[in-house]
Amino acid sequence: LIGCRFCYDACPYEAMELDENNRPVVIEDKCNGCGACESVCVSLKAGSIVSGAQERAIVVKPIESAE
């Protein structure tokens, strides 16, 4: 499979890795929440994710508000 990796490539802290399906995954203890990944996410452009989505595929939130 080929996945989008704009967020992976944008991370200046090497806080992302690619899983077995070539999808970016955040390495929680390396991430400092800078938002570089979110700023380059193209998931709401050109219908690249499910119609009706309200957020990008990756969203940086304060740890206390994470689900």
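On a 1 Å grid over the protein atoms alone, a cavity is a set of points where a 1.4 Å probe fits but cannot get out, and lining residues have an atom within 4 Å of a point. Grid points are joined across faces, edges and corners, and a volume is the space filled by probe spheres set on the points. By that rule, there is one cavity of 30 Å³ or more.

This is a predicted model, where local features need pLDDT of at least 70, side-chain atom pairs count only at pLDDT 80 or more, and totals for chains, interfaces and linings use all residues. Residues are numbered from 1 along each chain as its sequence is written, and side-chain values use heavy atoms, leaving out hydrogens and water.

**The cavity**
- The largest cavity holds about 100 Å³ of space.
- Its lining has 14 residues, and Cys-11, Ala-15, Cys-31, Cys-34 and Cys-37 lie nearest the centre.

**Salt bridges**
- The whole structure has two salt bridges (a side-chain nitrogen of Lys or Arg within 4 Å of a carboxyl oxygen of Asp or Glu).
- Arg-5 pairs up with Asp-9 at 3.0 Å, N to O.
- Arg-23 does likewise with Asp-19, at 3.0 Å, N to O.

**Fold**
- You'll find two helices and two strands in the protein chain, counted as DSSP runs (helices are H or I, at least four residues; strands are E, at least two) and numbered from the N terminus.
- Along the sequence, the pattern reads α-β-β-α.

Key: On a 1 Å grid over the protein atoms alone, a cavity is a set of points where a 1.4 Å probe fits but cannot get out, and a pocket is an open set with protein on both sides within 12 Å along at least five of seven lines; lining residues have an atom within 4 Å of a point.
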